[in-house]
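Hello,

Here is the structure I promised to pass on to you. Have a look at it first, and then read my notes below.

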2 protein chains.
Amino acid sequence: MREVAIIGAGLTKFGELWDKSFRDLFVEAGLKAIENAGVDHLDSMYVGTMSGGLFVGQEHIGSLMADYLGQTPIPATRVESACASSGVAFRMAFIEVASGLNDIVLAGGVEKMNDGADVTYALSTAADQEYEVYQGVTFPGLYAMIARAHMHHYGTTREQLAKVAVKNHYNGKRNPNAQFQMEVTVDQVLNSSMVADPLRLLDCSPVSDGASAVVLCPLDVAKKFTDTPVKVIGTGQASDSVALHSRDDLTYLAAVARSAEQAYKMAGVKPGDINVAEVHDCFTIAEICAMEALGFVERGQGGKAVDEGFNALDGKIPINTSGGLKSKGHPVGATGTAQIIEIFEQLCGTAGERQVKNARIGLAQNMGGSGGSSVVHIMEAVQ
Amino acid sequence: MREVAIIGAGLTKFGELWDKSFRDLFVEAGLKAIENAGVDHLDSMYVGTMSGGLFVGQEHIGSLMADYLGQTPIPATRVESACASSGVAFRMAFIEVASGLNDIVLAGGVEKMNDGADVTYALSTAADQEYEVYQGVTFPGLYAMIARAHMHHYGTTREQLAKVAVKNHYNGKRNPNAQFQMEVTVDQVLNSSMVADPLRLLDCSPVSDGASAVVLCPLDVAKKFTDTPVKVIGTGQASDSVALHSRDDLTYLAAVARSAEQAYKMAGVKPGDINVAEVHDCFTIAEICAMEALGFVERGQGGKAVDEGFNALDGKIPINTSGGLKSKGHPVGATGTAQIIEIFEQLCGTAGERQVKNARIGLAQNMGGSGGSSVVHIMEAVQ
C-alpha cells in the first residue's frame with residue numbers, strides 16, 4: 001500500500017443555512033478544498049451523506065455532486081454509515097489512493113437537515129427500524145439510557161456531563177465556522193430544557209446544514225502541492241449491533257474501541273501519543289464514552305477526567321478543539337470529514353485561537369447511531 | 001495492486017417477497033455467498049442499497065447487515081449510486097482487496113421495494129430533484145424520451161424495442177431465481193398497457209425485492225477455496241449529469257462508454273473479446289443504448305443488431321442471459337452484484353439451460369438513474 005497524505009481542505013460554515021441548498025453546500029466545500037490543495041483535476045471522489053432521500057428527496061448523490069462540482073466524468077461514490085458517513089468516505093478515498101488505482105481523490109460529506117423534513121424521523125433511521133424506531137425510541141432517548149447507565153455504574157455526575165458542553169462551547173466560540181460561537185456555563189446547561197432525562201438541550205448537538213471536503217494524494221507527490229501535507233498514518237473501522245439493547249454493556253462503545261485499536265496498530269502509536277483529537281460528541285455523554293473507548297482514560301474514568309480538565313484546550317489531550325458536534329454543529333453526513341479538517345488544521349498550525357501547541361499527531365473518531373459503526377483516523381504532521 | 005478473484009456467490013429469488021424483510025433478504029444472500037465460497041470469516045463487507053430511508057425507513061445499513069449476518073465487528077460500509085449501488089459496492093470490495101488492506105471481502109446489494117413505500121417517488125430520487133423530479137418527471141418518462149430520440153435519429157423501431165423484452169423473457173424463463181419465468185411475444189409487448197409513449201408495460205423492469213452477494217479474495221489464495229475462481233480483470237466507473245436534459249445527446253450513455261473504456265483498458269481486451277454480458281436493461285431502450293456505449297455495435301445500430309439476434313443466447317454476444325432486469329427483476333440495490341453473479345456462473349459453467357458455450361470472458365454493466373453513473377466489470381475464467 002502507498003503512503004497517503006491530505007493536501008487541502010474546505011469547509012462551509014455550519015448552521016441553519018436556509019439560503020443554501022444541499023448541492024450548493026457540497027460544491028462550496030469541494031471548491032474550497034480543490035483550491036486549497038492547488039490541484040488542477042480530481043481522479044475520483046467520495047461523498048458521505050446519511051439520508052439524502054429523507055432530508056431532501058435526493059439520492060444518486062455521488063454523480064449529482066460530481067456534476068455540480070464540474071468534475072464529471074470522474075467516478076463519484078456516495079457512502080453511508082449514518083452519522084459516520086464522511087469518516088467512512090474518507091477511508092474509501094484513503095484505500096483508493098493507497099491501492100494505486102488513482103492519485104488525486106476528494107473525500108467529503110454533506111447534509112441539509114433544515115429543509116422541511118421530519119428531522120427526528122430521518123435521524124431515527126440510524127437506529128434499528130424494527131426493534132427500536134418502531135417502538136418509539138429516538139436518539140436523545142438512546143443516549144439518555146447510555147448516560148443513566150454510566151452514572152449508575154461509574155458515579156458519573158450530571159455536572160461532569162455539563163462540563164463537556166461548557167468546554168466545547170468555549171472552543172466553538174473560537175471557531176469562525178461553528179454554528180454556536182458562544183460560551184455557556186454549567187448552570188446554563190443544568191437549567192436548559194429537559195430533552196430526555198438526564199440529557200438537557202445543552203447536552204445535545206444541534207440540527208445543522210453544512211459540508212466538508214479534503215483532497216488526498218500519494219505522500220510522495222504531496223510536497224508538490226503544499227509545504228505542510230498531513231500524512232494519514234492509521235485507519236480503522238468497525239461495526240457493532242445497531243440496536244443498543246443488543247450490547248453487553250450500554251456504556252462501552254465497542255466499535256469505537258475496535259476501530260481505534262486498528263488505527264493505533266497501523267500507525268504504530270499509543271493513545272498517549274495523541275496530541276489532539278476530535279471525537280463524536282453528538283451528546284455530552286458520547287464524548288465521555290469515546291474518551292474511554294479510545295483508551296485516553298480507563299473505563300469509567302471519563303467523567304473524572306473531564307473534572308480534571310484532561311480534554312480541555314490546555315489539557316493532556318485537547319478534545320474537540322473545533323467545538324465538536326455540540327458547538328460547531330452536526331450536519332450528520334459532513335461531520336466525519338469536518339473532524340479530519342480540524343485535525344489537519346491543528347497539524348498544519350493554522351487553527352488560530354484554538355491552536356494546540358506542538359501538535360504533531362492527531363486523531364479523529366466518527367460514529368454512527370448509538371455506536372453501531374465507528375471509524376478512526378490518525379494523522380501526523382510532515383515537515 | 002494485487003490481483004483479485006470472486007470465489008463464491010449467493011442470490012435470493014427476485015420478486016414480490018412479502019414474507020421476507022429487508023434484512024432477511026440480505027442475510028439470505030450473504031449466508032449463501034459465504035457458504036458457496038467456503039470461507040470461515042470475512043475481513044470486511046460492502047452493501048449496495050439505493051434508498052433504505054425511503055423504501056423501509058432504515059439507514060445505517062452496513063452495520064445492520066453485518067450484525068444480522070453475524071459478522072460484527074468487521075468494517076461494513078453501505079454504498080449508494082442509485083440503481084448502480086451494488087455494482088459500485090463490488091468495485092469498493094475489489095479496491096480494498098487489491099490494496100492489500102484486507103483479504104476476504106463480501107460485496108452485495110439489497111432492496112426491499114414492496115413494503116408499502118411510494119415506489120415511484122423513491123425511485124425518482126435517482127433523478128435530479130430540483131430540475132427533473134420537482135417538475136413531475138418519472139423514470140419511464142425519462143427513458144421514453146431517450147427511446148423517442150433514438151427512434152428519431154437512428155430509425156430504431158417499436159418492434160426492435162419489443163424484441164429486447166422477448167429475448168430477455170426467453171432467458172428469464174430459464175432462470176429459477178427470475179421474477180418472471182415466462183416467455184412473451186412481440187405482439188404481447190406491443191399490446192401491453194402504455195406507460196410512457198413509446199414504452200409499454202412489457203418494456204419496463206418490475207418493482208422487485210431481492211438481494212445478492214459475492215465473496216472476493218486475492219487471486220493467489222483463491223484456489224484454496226474453489227477450483228473455479230473467476231478473476232476480475234477490469235473495473236471502470238464514471239459519472240455524468242444526473243439530469244437528462246443536461247447531456248449533449250439523449251441517446252448516448254457517456255458514463256457507460258467511459259466506464260467501459262477504463263475496464264477494457266485495465267483488462268487489455270476489446271469489446272469483441274467479450275463472450276457474455278449483463279447490461280442494465282431497466283427499460284428495453286436501455287439495453288440498445290448500452291450495447292452501443294459498450295462498443296458491441298456502432299452508435300445507432302443497436303436496434304438493427306437486435307433484429308439480427310446479436311444479443312440472443314446463441315448470438316454473437318449473448319446479453320442478459322439471466323433474463324436481465326426486465327425478466328429477472330430489478331431490486332435496484334441488488335442488481336449490480338446480481339449481474340456479476342450471472343457472469344460468475346457463466347464463467348464457472350454452472351448457468352444450466354442459459355449456459356453460453358465456451359464463455360471465457362464476461363462483462364457486467366450497471367447504471368444509475370438515466371445514465372448519471374455507470375460501473376463496468378470484466379471477468380475471466382481461471383482454470
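Let's start where the chains meet: E80(A) has R78(B), in β3(B), as its bridge partner. The strands involved, β3(A) and β3 of chain B (residues 76-80), run antiparallel and are joined by 3 bridges. Strands here are DSSP runs of E with at least two residues, helices are runs of H or I with at least four, both numbered from the N terminus, and two strands pair if DSSP finds at least two bridges between them.

A word on the source: this is a predicted model, where local features need pLDDT of at least 70 and side-chain atom pairs count only at pLDDT 80 or more, while totals for chains, interfaces and linings use all residues. Residues are numbered from 1 along each chain as its sequence is written, and chains are lettered from A and ligands numbered from 1 in the order in which they are written.

Finally, β8(B) is joined to strand β11 of chain B (residues 373-381) by 9 bridges, and the two run antiparallel. In that pairing, V232(B) has M379(B) as its bridge partner.

Happy exploring!
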